[in-house]
Amino acid sequence: MSELTAPRGPISLVIVDDHPVVRHGLRSIFEVPSGFAVLGEAADGAEAIEQVTRLDPDVVLMDLRMPGCGGVEAIAELARRGARARVLVLTTYDTDSDTLPAIEAGATGYLLKDAPRDDLFGAVRAAAEGRTVLSPDIAARLVSRVRAPGNHSLSSRERDVLRLVAKGSSNREIAAALFISEATVKSHLTHIYGKLGAKDRAAAVALAYDQGILR
């Protein structure tokens, strides 16, 4: 599915939550209106990965805090596998420690469980089209975080990559240390160069030290 292209027919879903009552409630909500089709449910991240790989839904409604494999780990693994599904986080937690890792891992959107039903429907439709969906409170906080003095908007993983670059590590060594692919390392470096206005690794490290990102 290409960017900003809605799926043809009903939007297919997999619901991921460790609470059976929540899964049942969400299934019931999405079975009422036309335009949605719930393909399956999962109780944790590992089951979610299996279900999404097997069922190939358009959208995954993903809880974050679950026993065993959590939501962030599942999102990252689905992204690594190149899953077509868009992941819309649906959780009760809205702290930066929950929000940012989920978005960095590849979530298309982040919504709280107290969102009105129509907002949830709209968020799923938007996610299916590849549009980013954030609850108003989370969006406002992320904007404030990016605009805060001294914030260079590097993600935590980009900072990890930059620290290893500063130590002289090669892309292969960085990939091994962070358990990611070399292609992902190159992608992080491209983002780092763009955010810092650097042309190469040496310039990025120098600018990072100069701006206080690295110490």
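Side-chain contacts, salt bridges and a pocket

User: Are Phe30 and Phe36 buried or exposed?
Analyst: The model is predicted. Buried means under 20% relative accessible area. For Phe30 and Phe36, the answer is that both are buried.

User: How do the rings of Phe30 and Phe36 pair?
Analyst: The aromatic pairs number three. In the pair of Phe30 and Phe36, the ring centres lie 5.0 Å apart. An angle over 60 degrees counts as edge-to-face. The planes here stand at 80 degrees, so the pair is edge-to-face.

User: Which residues form one aromatic cluster with Phe30?
Analyst: Phe30 belongs to a single aromatic cluster.

User: Where is Gly40, and what is its relative accessibility?
Analyst: Gly40 sits in strand E2, residues 36-42. Beyond four places in sequence, its contacts include Leu13, Val14, Arg27 and Leu55. Ile15 is 25 residues away in sequence, yet the C-alpha atoms are 6.5 Å apart. Gly40 counts as buried because its relative accessibility is 6%.

User: What relative accessible area does Asp58 have, and what does Asp56 have?
Analyst: Asp56 counts as partly exposed, at 38% relative accessibility. Asp58 is buried, and its relative accessible area is 5%.

User: Asp160 and Arg157 are how many residues apart in helix H7?
Analyst: The side chains of Asp160 and Arg157 meet in a salt bridge, N to O 3.7 Å. Asp160 is partly exposed at 26%, and Arg157 is partly exposed at 27%. About one helical turn separates Asp160 from Arg157, because their spacing in helix H7 (residues 156-166) is three residues.

User: What is the relative accessibility of His188?
Analyst: His188 is in helix H9, residues 182-196. Its contacts beyond four places in sequence are Arg157, Glu158, Val161 and Ile180. His188 counts as buried because its relative accessibility is 15%.

User: What space lies in the second largest pocket?
Analyst: The lining of the second largest pocket includes Leu111, Asp114, Pro116 and Ser135. Strand E5 (109-112) and helix H6 (136-147) each give two or more residues to the lining. The lining has six nonpolar, one polar and three charged residues. The space in the second largest pocket is about 160 Å³.

How values were computed
Residues numbered from 1 in each chain as written. Predicted model: local features only at pLDDT ≥ 70, side-chain atom pairs only at ≥ 80, totals over all residues. Heavy atoms only, no water. Helix = DSSP H or I, 4+ residues; strand = E, 2+ residues; numbered from the N terminus. Buried < 20%, exposed > 50% of the residue type's maximum accessible area, 1.4 Å probe, protein only. Contact = heavy atoms within 4.5 Å. Phe/Tyr/Trp six-rings, centres within 6.5 Å; stacked < 30°, edge-to-face > 60°. 1 Å grid on protein atoms, 1.4 Å probe; cavity = no way out; pocket = protein on both sides within 12 Å on 5 of 7 lines; lining within 4 Å. Points joined across faces, edges and corners; volume = space filled by probe spheres on them. Nonpolar A, V, L, I, M, F, W, Y, C, P; charged D, E, K, R; others polar. Salt bridge = Lys/Arg side-chain N within 4 Å of Asp/Glu carboxyl O.
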